[in-house]
Amino acid sequence: MSHDTTISDDDQGKPVLDSSGEKIGVVSEVRAGTAYVDPDPGITDTVKSRLGWSDADADDFPLDDSEIATVTDDEIRLS
């Protein structure tokens with residue numbers, strides 16, 4: 001299991017958790033090594049992200065590398 005903070009295309013669709021473990025959104029798209037987070041995805045958006053069919057929109061926000069504590073096979077946790 002990987003515990004680094006490098007974002008890759010494989011991270012699309014992963015849940016994003018805050019430092020206390022609360023889910024704050026889902027990675028909707030990875031663009032140029034930056035994860036874009038949909039803060040309130042519906043089930044359709046979550047499935048589309050997992051399948052790589054979703055693109056970031058105006059409501060999605062980019063994660064700065066300095067905000068990421070760990071990237072695992074199952075989730076992205078913020079510091």
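Reply: Let us begin with Pro-15, whose bridge partner in β2 is Val-26. The strands here are DSSP runs of E with at least two residues, helices are runs of H or I with at least four, and both are numbered from the N terminus. This is a predicted model, in which local features need pLDDT of at least 70, side-chain atom pairs count only at pLDDT 80 or more, and totals for chains, interfaces and linings use all residues. Residues are numbered from 1 along each chain as its sequence is written, and side-chain values use heavy atoms, with hydrogens and water left out.

Me: OK, and how many bridges join β1 to β2, and which way do they run?


Reply: Strand β1 (residues 15-17) is joined to β2 by three bridges, and the two run antiparallel; two strands count as paired if DSSP finds at least two bridges between them. They form a hairpin with five residues between them, and Gly-21 in that turn has a positive phi of about 90 degrees.

Me: What stands opposite Val-26 in β3?

Reply: That is Asp-38, and β2 and β3 pair in the antiparallel sense over five bridges. In the pairing with β3, Val-27 has Val-37 as its bridge partner. The hairpin formed by β2 and β3 has two residues between the strands, with Ala-32 in the turn at a positive phi of about 55 degrees.

Me: Is Asp-38 buried or exposed?

Reply: Asp-38 counts as buried because its relative accessible area is 13%, where buried means under 20%, exposed means over 50% and partly exposed lies in between, with a 1.4 Å probe and protein chains only. Leaving out residues up to four places away in sequence, Asp-38 touches Ile-24, Gly-25, Val-26, Ser-28, Asp-45 and Asp-60, a contact being heavy atoms within 4.5 Å.

Me: Zooming out, what is the strand order in the sheet?

Reply: The sheet is open, has six strands with mixed pairing, and is ordered β4-β3-β2-β1-β6-β5. Its edge strands are β4 (61-62) and β5, each of which pairs on one side only. Along the sequence the protein chain reads β-β-β-α-β-β-β, with one helix and six strands.

Me: And how do β5 and β6 pair?

Reply: Strand β5 (residues 68-71) pairs with β6 in the antiparallel sense over three bridges, and a hairpin of four residues joins them. Within that pairing, Thr-70 has Arg-77 in β6 as its bridge partner.

Me: I'm curious about Ile-76. Why does it count as buried?

Reply: Ile-76 counts as buried because its relative accessibility is 0%. Ile-76 is found in strand β6 (residues 76-78), and, not counting residues up to four places away in sequence, its contacts are Ile-7, Asp-11, Lys-14, Pro-15, Val-16, Leu-17, Val-27, Leu-63, Ile-68, Thr-70 and Val-71. With Ile-7 the separation along the chain is 69 residues, while the C-alpha atoms are separated by 9.1 Å.

Me: Which residues make up the largest nonpolar core?

Reply: That core has 11 residues, namely Ile-7, Val-16, Val-27, Val-30, Ala-35, Val-37, Leu-63, Ile-68, Val-71, Ile-76 and Leu-78. The elements that give two or more residues to this core are β2 (23-31), β3 (34-38), β5 and β6. A nonpolar core here is a set of buried Ala, Val, Leu, Ile, Met, Phe, Trp, Tyr and Cys residues joined through side-chain atoms within 4.5 Å.

Me: Where does Leu-63 lie, then?

Reply: Leu-63 lies in the loop between β4 and β5, and it counts as buried because its relative accessibility is 4%. Among its contacts beyond four places in sequence are Val-16, Ala-35, Ile-68 and Ile-76. Leu-63 and Tyr-36 are 27 residues apart in sequence, with 6.1 Å between their C-alpha atoms.

Me: Last topic, confidence. Which element has the lowest mean pLDDT?

Reply: Helix α1 (residues 43-50) has the lowest mean among the elements, at 68, while β5 has the highest, at 95; pLDDT is the predictor's confidence in each residue, from 0 to 100. For the protein chain the average is 85, and 84% of the residues score at least 70.

Me: And how much of the chain counts as buried?

Reply: Of the 79 residues of the protein chain, 39% count as buried. Considering contacts between residues at least 6 apart in sequence, 52% join residues at least 24 apart.
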